[in-house]
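Colleague: Could you walk me through this model? I'd like to go through it piece by piece.

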Amino acid sequence: MKDVPEKSLSDKEQEVMNALKKVIDPELGIDLVNLGLIYGVSIDEQKNCEITMTLTTMGCPISDVLYSMIKKAVLSVPEVEACKINLVWEPAWSPQKMSRFARIALGIRV
């Protein structure tokens with residue numbers, strides 16, 4: 001999670017990040033946070049949460065499944081009313097964005 005926030009996360013945003021650690025990529029078997037796919041979490045005063053994220057590849061065949069899982073996890077956090085996913089391609093994802101845990105689990109040396 002070292003690369004995720006450019007700013008410090010609030011307690012509620014950290015709760016969302018913890019919920020996202022339970023969202024497991026069905027193809028890789030690792031959570032989205034440790035994969036380095038979550039670039040940011042923000043919650044506004046109206047309790048709307050915006051997730052800034054990327055995917056490992058454009059045209060990811062399971063993107064709809066991941067979006068559904070993300071929204072379910074985010075909305076499980078008390079006081080979060082809505083979830084918007086902001087998909088970005090910059091900065092591009094690479095294995096270097098993965099946590100040490102994820103790299104070890106997948107047998108990747110970076």
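Modeller: Some ground rules come before the details. Helices (H or I, at least four residues) and strands (E, at least two) are DSSP runs, numbered from the N terminus. This is a predicted model, in which local features need pLDDT of at least 70, side-chain atom pairs count only at pLDDT 80 or more, and totals for chains, interfaces and linings use all residues. Residues are numbered from 1 along each chain as its sequence is written, and side-chain values use heavy atoms, with hydrogens and water left out.

Colleague: Fine. Where is lysine 47?

Modeller: Lysine 47 sits in the loop between E1 and E2. Lysine 47 has a positive phi of about 70 degrees, although it is not a glycine.

Colleague: Is lysine 47 buried, exposed or partly exposed?

Modeller: Lysine 47 counts as partly exposed, because its relative accessibility is 34%. The cut-offs are under 20% relative accessible area for buried and over 50% for exposed, with partly exposed in between (1.4 Å probe, protein chains only).

Colleague: What about E2 and E3?

Modeller: E2 and E3 pair in the parallel sense, over six bridges. Threonine 52 stands opposite asparagine 86 in E3.

Colleague: Which residues are on the covered face of E2?

Modeller: Cys49, Ile51 and Met53 are on the covered face, while Asn48, Glu50 and Thr52 are on the uncovered one.

Colleague: How many residues are in the largest nonpolar core?

Modeller: The largest nonpolar core has 32 residues, and those with the most contacts inside it are Val16, Leu20, Ile38, Val41, Ile51, Ile70 and Val74. H1, E1, E2 (48-53), H2 (63-75) and E3 (82-87) each supply at least two residues of this core. A nonpolar core here is a set of buried Ala, Val, Leu, Ile, Met, Phe, Trp, Tyr and Cys residues joined through side-chain atoms within 4.5 Å.

Colleague: What does valine 16 touch?

Modeller: Leaving out residues up to four places away in sequence, valine 16 touches Val41, Ile43, Cys49, Ile51, Val74, Val77 and Val80. Contact means heavy atoms within 4.5 Å.

Colleague: New topic: charges. How many salt bridges does the count come to?

Modeller: The count comes to one salt bridge, where the rule is a side-chain nitrogen of Lys or Arg within 4 Å of a carboxyl oxygen of Asp or Glu. The side chains of lysine 12 and glutamate 15 form a salt bridge at 3.3 Å, N to O. Both residues lie in helix H1, three residues apart, about one turn of the helix.

Colleague: What else does glutamate 15 touch?

Modeller: Val77 and Pro78, not counting residues up to four places away in sequence. Its C-alpha atom is separated by 8.8 Å from that of valine 74, 59 residues apart along the chain. Glutamate 15 is partly exposed, because its relative accessible area is 34%.

Colleague: And aspartate 25, where is that?

Modeller: Aspartate 25 is in the loop between H1 (11-20) and E1 (38-43). Aspartate 25 is buried yet has no salt bridge, and the nearest side chain of opposite charge, arginine 103, is 16 Å away. For charge, Lys and Arg count as positive and Asp and Glu as negative, while His and the chain ends are not counted.

Colleague: What lies 2.9 Å from a polar atom of the aspartate 25 side chain?

Modeller: The backbone nitrogen of leucine 28. A polar contact is a pair of N or O atoms within 3.5 Å; within protein, one must be able to donate a hydrogen and the other to accept it, and residues adjacent in sequence count only if both atoms are side-chain atoms. Aspartate 25 also touches Ile30, Leu32, Leu35, Ile62 and Leu66, not counting residues up to four places away in sequence.

Colleague: What does the side chain of arginine 103 reach?

Modeller: The backbone oxygen of methionine 98, at 2.5 Å. Arginine 103 is in helix H3 (residues 100-106).

Terms used
Two strands pair if DSSP finds at least two bridges between them.
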